[in-house]
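Student: I should like to learn how to read the features of a folded chain. Could we proceed from one example?

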Amino acid sequence: MPLRSAARTNLVDLVIAQMESLIGDGEWKVGEKIPAEPLLVEQLAVGRNTVREAVRALVHTGMLEPRQGDGTYVRADSDFGAAVQRRLRRAGVLEAYEVRASLERDAARYAAERRTDEDLATLRAALAERTLAWESGNITAFVDADMAFHRTVADAAHNSVLAELYGHLSDALRTTVQSVIGAPVPDSVRHQREGHQAIVDAIEARDPEAAEAAVLAHLNEGMTALREHPQTGPDTDAHGDTPHSDESGAPHHE
């Protein structure tokens with residue numbers, strides 16, 4: 001959607017609305033830098049102060065994030081998402097993991113009841129990508145693939161509110177995944193290959209009870225790891241060392 005020239009009295013509100021639309025429609029994607037102030041002034045045909053006030057308002061809501069010397073980036077695609085992220089930043093890793101367990105349990109149950117053949121094919125591909133990422137030894141790629149797998153399950157539930165809420169939890173969920181991977185626990189707990197395969201099998205069989213049980217089983221392993229190692233950070237053990245990794249940050253599979 002191209003930027004339009006704002007011509008009404010309350011220019012700041014109009015510019016805010018246009019920016020929110022660009023973010024909500026995905027033209028300004030989460031994680032991307034928005035156009036520089038001079039370009040916004042030119043495209044919107046409003047004054048510099050109007051643009052600054054609009055940007056400041058969206059920074060206040062949490063949708064935008066200024067980075068000194070770099071520019072302003074999109075942090076969330078709605079004010080609701082920004083509010084969720086602000087609240088989660090005050091929550092502990094275990095609290096976020098418990099919320100994750102509740103959402104993923106319901107997502108798996110609904111996915112088993114509602115999935116299409118296309119959903120199943122996408123889910124199998126996401127599982128295969130997750131396995132490849134683990135075998136590559138690249139922690140970042142594995143975390144990305146794990147999150148993509150669970151987003152696929154949420155999408156297969158065909159509940160737009162659940163999928164949107166799960167998406168807004170992404171930053172906090174990434175931290176929980178990193179925390180479990182960084183914990184001094186067996187590789188079977190960090191990878192949970194069988195647990196994720198069980199989720200796919202249950203969804204394929206259209207068995208909601210089995211899907212829910214498979215999700216809770218694998219998440220309980222993670223929550224146990226977090227309870228037993230509460231001081232463990234995303235990439236360090238209790239002694240501040242990087243467990244099971246080499247200089248590139250890749251995990252060793254023992």
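Tutor: His158 lies in the loop between helix 7 and helix 8, where helices are DSSP runs of H or I with at least four residues and strands are runs of E with at least two, numbered from the N terminus. The model is predicted, so local features need pLDDT of at least 70 and side-chain atom pairs count only at pLDDT 80 or more, while totals for chains, interfaces and linings use all residues. Residues are numbered from 1 along each chain as its sequence is written, and side-chain values use heavy atoms, with hydrogens and water left out.

Student: What is the phi of His158?

Tutor: Most residues other than glycine have a negative phi. His158 has a positive phi near 55° and is not a glycine; the residue comes just after helix 7. With a relative accessible area of 46%, His158 is partly exposed, since buried means under 20% relative accessible area, exposed over 50%, and partly exposed in between, for a 1.4 Å probe and protein chains only.

Student: How many helices and strands does the protein chain have, and in what pattern?

Tutor: The chain has 12 helices and two strands, in the order α-α-α-β-β-α-α-α-α-α-α-α-α-α. Of its 254 residues, 43% are buried. Among contacts (heavy atoms within 4.5 Å) with a separation of 6 or more, 70% join residues 24 or more positions apart.

Student: How is the span of a helix checked?

Tutor: The expected span is 1.5 Å times one less than the number of residues. For the 18 residues of helix 7 this gives 26 Å, and the end C-alpha atoms are 26 Å apart, which agrees. At the start of helix 7, a side-chain oxygen of Asn138 comes to within 3.0 Å of the backbone nitrogen of Thr140. The buried residues of helix 7 include Phe142, Asp146, Phe149, His150 and Val153.

Student: Which residues of helix 3 are buried, and which are exposed on the face turned away from them?

Tutor: An α-helix has 3.6 residues a turn, so residues three or four places apart point the same way. In helix 3, the buried residues are Thr50, Val51, Ala54, Val55 and Leu58. They cover an arc of only 130° around the axis, which puts them on the same side of helix 3; the arc is that of the directions from the helix axis to the C-beta atoms. The face turned away from the buried side carries the exposed residues Asn49, Arg56 and His60. The cover over the buried residues includes helix 1, helix 2, strand 1 and strand 2.

Student: Which members of the largest nonpolar core touch the most others?

Tutor: A nonpolar core is a set of buried Ala, Val, Leu, Ile, Met, Phe, Trp, Tyr and Cys residues joined through side-chain atoms within 4.5 Å. The largest has 33 residues, and Phe149, Val153, Ile199 and Ile203 touch the most other members. Elements giving two or more residues to this core include helix 4, helix 7 and helix 11, while helix 5 provides the largest share, eight residues. Leaving aside neighbours within four places in sequence, Ile199 is in contact with Phe149, His150, Val153, Ala214, Val215 and His218. Apart from this core lies another, of 20 residues, among them Val12, Val15, Trp28 and Leu40.

Terms used
A polar contact is a pair of N or O atoms within 3.5 Å; within protein, one must be able to donate a hydrogen and the other to accept it, and residues adjacent in sequence count only if both atoms are side-chain atoms.
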